[in-house]
Amino acid sequence: MLGLSYPDSMATPAERPPSVDKLARSLANSGLPHPLLVDIAREAIAAGDPASVSHRVDELQRSLLQPVLNATGVLLHTNLGRAPWASTDAGSYRNLELDLATGDRGSRQAHAPKLLAKACGAEAAIVVNNCASAVMLVLAGLAKGRGVAVSRGELVEIGGGFRVPEVMEQSGANLIEVGTTNRTRRADFANAVENADHDVALAMQVHQSNYKIVGFTEAPTTAELSDLGVPLVADIGSGLLDEACPWLTTGPPPWLKNEPAARQTLDAGADLVVFSGDKLLGGPQAGIIAGDADLVAKCARHPLARALRPGGLVLASLQQLAMAYLRRDGDAIPFWRMASVPVDELKARAEAIKAAATKGHAATVVDTMAVPGGGTLPGVEFASAGLAFAGNHREAFRSSAMPVIARVVDETTIVDLRTVDPSADEALVSAIDSAIE
Ligand SMILES: *Cc1c(COP(=O)(O)O)cnc(C)c1O
């Protein structure tokens with residue numbers, strides 16, 4: 001039946017359902033491809049409600065991947081793809097695995113990973129699909145069938161089902177738990193390494209990204225674990241490159257305190273660090289393994305590296321990001337630009353948006369608190385500003401031409417400007433006009 005018109009003889013005009021094809025064609029200006037419109041038309045007719053097509057078109061359009069305005073004040077919003085990052089590379093061929101100097105086969109790990117290594121002071125680096133795969137590859141490449149010593153206080157679960165003990169099992173390495181949940185010392189690691197039964201190949205530190213253990217606690221520093229006689233791997237997760245944030249003219253923001261950084265973790269004696277590309281690094285989804293050149297090369301040679309390799313789009317985009325870090329240009333990295341905007345600037349924008357929206361009289365300029373998010377820096381908040389609207393308008397904001405993701409606190413809808421790029425303020429004004437009665 002797909003796409004066929006009903007013959008005229010089938011029914012009288014009054015009860016004849018409209019032709020699927022004709023109905024689909026009438027929706028052409030929705031911009032959706034014809035086969036999708038045919039499905040919509042057929043479903044609407046089958047439901048006995050041809051008029052429902054425009055609603056169905058809206059529904060389908062809203063189900064597609066698209067840009068949205070993050071007005072939640074959560075800088076790394078997992079549901080919104082964590083860090084906002086755009087590559088400006090036009091579609092074209094790339095020398096992904098071609099050495100332009102020699103004309104020979106090259107390596108996709110020769111460009112962005114090298115620059116990222118430079119940016120965090122590592123000898124070498126490779127990039128894989130995400131940090132979970134980075135951990136997996138390091139364990140499989142360096143400790144398959146052997147022991148990996150990890151503190152009982154760091155057997156974490158990060159969001160989305162990343163659980164250290166399970167990743168360990170999948171990699172083929174054996175988890176050797178050391179210490180206790182709240183207190184682990186260097187001696188606990190040293191004992192595990194000395195125990196021949198454990199056959200420890202690696203010691204691993206895992207950053208407690210999304211929780212805190214407080215009270216009677218103790219954990220060895222990276223420096224203390226750097227001379228155990230086995231390589232030390234630190235999963236720092238968040239991807240902060242350098243504690244000193246040389247890419248910010250204002251220096252490191254106070255809320256970053258105690259967040260481990262790749263450069264300092266390597267300086268303190270870790271042989272490898274692994275981290276995400278789309279958390280505090282501010283780039284696309286990726287996982288970076290950086291540090292000792294021999295260990296990095298060993299990971300790169302493992303067959304899993306082929307399965308976990310990133311595509312050219314991600315590598316091209318990471319290369320731009322690494323260049324921004326090397327130029328110390330935090331302004332070129334949306335995450336850092338948004339994270340470091342002074343509150344006064346956000347307030348001035350809030351006033352301007354309120355004045356520009358024809359329904360702006362319903363808004364109040366308010367102080368808010370933004371959070372880094374993305375499972376990083378639990379409990380950290382910093383000052384922000386935005387607009388408040390009485391009542392819950394979350395769905396109306398999501399339905400606007402440029403969907404706006406707002407949050408609701410005590411029956412008040414908050415639009416936080418910390419996470420909205422100023423270039424989107426005009427779209428936000430239109431969204432307010434469409435969302436607020
Ligand atoms: C976020 C995180 C991961 C997982 O990173 P993905 O890039 O999401 O795979 C692993 N380890 C730590 C410590 C993390 O914070």
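Hi everyone, and thanks for having me. What you see above is a predicted model, so local features are used only at a pLDDT of at least 70 and side-chain atom pairs only at pLDDT 80 or more, while totals for chains, interfaces and linings use all residues. Residues are numbered from 1 along each chain as its sequence is written, and side-chain values use heavy atoms, with hydrogens and water left out.

Let's begin with the whole protein. It has 15 helices and 16 strands. Here helices (H or I, at least four residues) and strands (E, at least two) are DSSP runs, numbered from the N terminus. Along the principal axes, the C-alpha atoms fill a box of roughly 90 × 55 × 50 Å. Of the 437 residues, 47% count as buried. Buried means under 20% relative accessible area, exposed means over 50%, and partly exposed is in between, with a 1.4 Å probe and protein chains only.

The protein is divided into domain 1 (16-63), domain 2 (69-84 + 337-435) and domain 3 (108-329). Those bounds come from an automatic or database domain assignment. Taken over C-alpha atoms, the centres of domain 1 and domain 2 are separated by 34 Å.

Next, a strand to look for: β8, residues 200-206. Why is β8 described as largely enclosed by the rest of the structure? Seven of its seven residues are buried, so the rest of the structure largely encloses it. Now for its neighbours, where two strands pair if DSSP finds at least two bridges between them. Strand β4 (residues 147-151) runs parallel to β8, and four bridges join them. In that pairing, A149 stands opposite A203. Strand β9 (residues 232-237) also runs parallel to β8, joined by four bridges, and there V206 has D235 as its bridge partner.

Which residues surround the ligand? They are R82, N130, C131, A132, I158, F162, H207, S209, D235, G237, S276 and K279. A residue is near a molecule if one of its heavy atoms lies within 4 Å of it. Helix α5 (131-143) and strand β9 each supply at least two residues of this shell. By class, the shell has four nonpolar, five polar and three charged residues. In this scheme Ala, Val, Leu, Ile, Met, Phe, Trp, Tyr, Cys and Pro are nonpolar, Asp, Glu, Lys and Arg are charged, and the others, Gly among them, are polar.

Let's zoom in on some atoms. In the side chain of R82, an N or O atom is 2.9 Å from an oxygen atom of the ligand. With A132 the backbone takes part: one of its N or O atoms lies 2.8 Å from a ligand oxygen. For K279, an N or O atom in the side chain is 2.7 Å from an oxygen atom of the ligand. Taken alone, the ligand exposes 390 Å², and the protein buries 94% of that. Accessible areas come from the Shrake-Rupley method with a 1.4 Å probe, and for residues only the protein chains shown count as cover.

R82 has something else to show us. It lies in the loop between β2 (74-76) and α4 (112-120), and its phi is near 55°, a positive value in a residue other than glycine. At 21% relative accessibility, R82 counts as partly exposed. R328 also has a positive phi, about 60°, although it is not a glycine. This residue sits in the loop between α11 (312-326) and α12 (334-340). Is R328 buried or exposed? With a relative accessible area of 55%, R328 is exposed.

Now over to strand β13, residues 382-390. Seven of its nine residues are buried, so β13 is largely enclosed by the rest of the structure. Strand β12 (residues 363-373) pairs with β13 in the antiparallel sense over eight bridges, with A363 and F389 as bridge partners. On to strand β16 (residues 412-416), which is antiparallel to β13 and joined to it by five bridges. Here G386 stands opposite D416.

One last stop: K347, in helix α13 (residues 343-356). K347 is partly exposed, at 31% relative accessible area. K347 and V366 are 19 residues apart in sequence and 8.0 Å apart in space, C-alpha to C-alpha.

Methods. A polar contact is a pair of N or O atoms within 3.5 Å; within protein, one must be able to donate a hydrogen and the other to accept it, and residues adjacent in sequence count only if both atoms are side-chain atoms.
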